[in-house]
Amino acid sequence: MTNTPDNKPVGGGSFSAVELDDEVLDATTDKSLSQGRIVLNRFLHHRGAMVSMVVFLIVVIVAFTSIGFGPFPGWWPHGYKTPMPVENGGRPTIGLFSWGNHPFGQDNVGKDYFALAMRGTQISIMIALVVGIVSTLIGTLVGALAGYFRGWVESLLMRITDMFIVIPLLILAAIIGQMTGSMGPLFLALMLGLLSWTGLARMVRGEVMSLREREFVAAADALGASSWRIIVRHILPNCLGTIIVNATLSIAAAILLETSLSYLGFGVRPPDTSLGLLISDYQTTFSTRPWLFFVPAFMILAIALTVNFIGDGLRDAFDPRQKGKVK
């Protein structure tokens, strides 16, 4: 082959600089990652979020499999409603290498406190998840409508939002809890979800107001796409990071809200129980049998902290300014 300025021999063979550039481009393209993959990799490399995810999953699995849930039986031999003869003075029987018959002790009437704590954890987690889902759906809908349509729609929705904001959430939730607490934990969770959407609505409104002025929204509108299609297919996917992060953090806030309400007597009612109700019922035993207070307090702390760390990891993963390692 005749050598030219653009075709120089290398070793025993030769190829053009254009072919070399194509090979480099192909190799780079093969290693390119989608936005979803980048976010996932950033989240998986967040150590605090990963540790918190493992701890949270362990708490959920133990709580829902130990005493069972609904029609599904559990592996723990004691129920949370059945009094039993008091063993070891009601003190915890857990040891260095054994659980004993009542690892968290027994309450005043002999109920197994491990079973009570697991039932309280179930109810608190269920309420937090329902509140997070309901508040996220309402906040996203209100924020998207107010940010996209503007005008009287925005004024009406934002004034309704302001009405909820000016009333302290705990007081409003206590009133609702007093009225609906006897209807069960699920109905209480739905009511709390109807009160906890205002912060997300304002954030989504700001995101949508910014995105509606972008070129891709104008192009979709010029092609005849309906307003709902533009909101659902083009705008909300670009707000997904904000929505997911705030949904996660609202779950942690709901745990603390439910705990406060149950502690004050406006949340979950007997014969059912929750972590906040356990603290309220056994606060007088703090000096004589402190484990009855510390066990539900530790569970609340563990759930709230792990969910917050997971939310921090999601926030960092969705933040385009993060320069974390991506593989």
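I take helices (H or I, at least four residues) and strands (E, at least two) as DSSP runs, numbered from the N terminus. Axes are lines fitted to C-alpha atoms, for helices over the stretch in contact, and angles run from 0 to 180 degrees between N-to-C directions.

The model is predicted: local features need pLDDT of at least 70, side-chain atom pairs count only at pLDDT 80 or more, and totals for chains, interfaces and linings use all residues. Residues are numbered from 1 along each chain as its sequence is written, and side-chain values use heavy atoms, with hydrogens and water left out.

**Entry: H9 and H10**

I looked up helix H9 (residues 215-222) against helix H10 (residues 227-235). They pack at about 140 degrees, with axes 11 Å apart. That makes H9 oblique to H10; angles under 35 degrees count as roughly parallel, over 145 as roughly antiparallel, 65 to 115 as roughly perpendicular and the rest as oblique. Phe216, Val217, Ala220 and Asp221 of H9 touch Ile230, His234 and Ile235 of H10, where contact means heavy atoms within 4.5 Å. I sorted these residues into five nonpolar, one polar and one charged. Ala, Val, Leu, Ile, Met, Phe, Trp, Tyr, Cys and Pro count as nonpolar, Asp, Glu, Lys and Arg as charged, and the others, Gly among them, as polar.

**Entry: H6 and H11**

Next I checked helix H6 (residues 169-180) and helix H11 (residues 240-264). Their axes come within 10 Å and cross at roughly 60 degrees. H6 is therefore oblique to H11. On the H6 side I found Leu169, Leu170, Ala173 and Ala174, which meet Leu257, Ser260 and Leu261 in H11. The contact holds six nonpolar residues, one polar and no charged.

**Entry: H4 and H8**

I then took H4 with H8. The angle is about 35 degrees and the axes lie 7 Å apart. Among the contact residues are Gly139, Gly143 and Gly147 of H4, and Leu200, Val204 and Arg205 of H8. By class I have nine nonpolar, six polar and one charged.

**Entry: second largest pocket**

I used a 1 Å grid over the protein atoms alone; a pocket is an open set of points where a 1.4 Å probe fits, with protein on both sides within 12 Å along at least five of seven lines, and lining residues have an atom within 4 Å of a point. The second largest pocket holds about 340 Å³. It has 21 lining residues, and Ser196, Trp197, Thr198, Gly199 and Ser250 are the closest to its centre. Which helix gives the largest share of the lining? H11 does, with seven residues.

How values were computed
Grid points are joined across faces, edges and corners, and a volume is the space filled by probe spheres set on the points.
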